Amino acid sequence: MGRALDFLAFGAHPDDAEIGAGAFLLKMKARGHRRGSVSPPDGDWGGGTRKVRRGEAAAAARILELDAFEILRLGDTRLEDNQGNRRQVASLIRKYRPRIVLAPHYGVGPGRGRGHADHIAAGHLVTHAANFAHLEKFPAGGRPHAVQKILYYFMIPFERPSFIVPVDEELPRALHAVSAHKSQFGRPGYRSVPGRLEAVARYFGLLAGCTYGQAFYTQEILRIDDPLLLFQRPNHGE
């Protein structure tokens with residue numbers, strides 16, 4: 001096992017981390033942080049075969065320059081937040097020992113898109129696995145590990161996020177990673193997905209005073225020692 005990760009993003013499908021947090025992960029790479037991505041299901045009930053989806057996900061991981069990348073086989077459209085799956089996810093958290101875990105936001109209504117049953121289940125599954133991973137007696141592989149924070153992506157417009165990260169420079173490359181999933185977004189009816197993601201990023205960017213933004217929610221109150229550092233605008237040489 002290599003060095004511990006700073007960020008480990010879990011998706012409900014092999015393309016979710018790219019969609020919800022790809023630009024953010026690229027920005028964290030530029031800051032010198034180590035990042036990884038895990039998809040518990042392998043997308044076997046989506047477009048393409050398991051082999052095709054794994055190849056596309058590997059290509060997207062290369063675009064994002066991830067330090068770690070794994071796909072499990074917990075069942076597309078069949079993902080459950082149960083004890084067996086919690087053990088598998090907790091084992092990966094113990095393996096990579098991330099400071100921060102990212103997961104799909106669980107607090108959405110059921111339906112297509114962000115309300116996919118797998119997205120909701122993944123949010124609950126990762127949350128519970130991360131909370132249990134630090135318990136010495138929890139029956140998962142590896143040494144106990146406590147994450148510092150869980151961040152949730154897939155924030156829908158008009159829902160208030162905890163914070164927005166400017167990703168003006170990173171979003172185009174992140175959309176290129178999304179487009180690597182040709183079996184999903186090359187199909188009729190899905191080809192507009194990268195453009196829709198750009199529109200959502202523009203909306204959150206407008207709220208944050210930048211061109212593009214990716215939004216996140218966290219359950220915990222954020223501690224701030226110096227509010228002036230938080231609210232200051234970047235200096236662009238003006």
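# A walk through helix contacts, pocket and cavities

Start by selecting α1, β2 (35-39), α2 (50-63) and β3 (68-71): each gives at least two residues to the lining of the second largest cavity. Helices here are DSSP runs of H or I with at least four residues, strands are E runs of at least two, and both are numbered from the N terminus. You're looking at a predicted model, where local features need pLDDT of at least 70 and side-chain atom pairs count only at pLDDT 80 or more, while totals for chains, interfaces and linings use all residues. Residue numbers run from 1 along each chain as its sequence is written, and side-chain values use heavy atoms, with hydrogens and water left out.

**Stop one: the second largest cavity**

Now pick Pro14, Ala17, Glu18, Ser37 and Phe69, which lie nearest the centre of this cavity among its 17 lining residues. A cavity, on a 1 Å grid over the protein atoms alone, is a set of points where a 1.4 Å probe fits but cannot get out, and lining residues have an atom within 4 Å of a point. The volume is about 80 Å³, counted as the space filled by probe spheres set on the points, with grid points joined across faces, edges and corners. By class, the lining has 10 nonpolar, four polar and three charged residues. (Nonpolar covers Ala, Val, Leu, Ile, Met, Phe, Trp, Tyr, Cys and Pro; charged covers Asp, Glu, Lys and Arg; the others, Gly among them, are polar.)

**Stop two: the largest cavity**

Select Ile19, Gly20, Leu197, Val200 and Gln214 to land nearest its centre; 17 residues line it. Then colour α1, α5, α7 and β7 (213-216), each of which supplies at least two of the lining residues. That lining splits into 12 nonpolar, three polar and two charged.

**Stop three: α1 against α5**

Keep α1 (residues 16-30) on screen with α5 (residues 171-179): their axes come within 8 Å and cross at roughly 140°. (Axes are lines fitted to C-alpha atoms, for helices over the stretch in contact, and angles run from 0 to 180 degrees between N-to-C directions.) That makes the pair oblique, the class left over once angles under 35 degrees are called roughly parallel, over 145 roughly antiparallel and 65 to 115 roughly perpendicular. The crossing is right-handed, meaning the near helix is turned clockwise from the far one by less than a right angle, with anticlockwise being left-handed.

Show side chains for Glu18, Ile19, Gly22, Ala23 and Leu26 in α1, which meet Leu171, Arg173, Ala174, Ala177 and Val178 in α5. Contact means heavy atoms within 4.5 Å.

**Stop four: the largest pocket**

Next, find the largest pocket, about 1600 Å³ of space. A pocket is an open set of points with protein on both sides within 12 Å along at least five of seven lines. Centre on Phe163, Ile164, Val165, Pro166 and Leu230, the closest to its centre of 35 lining residues. β6 gives the largest share of the lining, four residues.

**Last stop: α3 and α4**

Finally, select α3 (residues 83-96) and α4 (residues 117-132), whose axes come within 8 Å and cross at roughly 60°. This pair is oblique too, and the crossing is right-handed. Residues to display include Val89 and Ile93 in α3, with Leu125 and Phe132 among those in α4.
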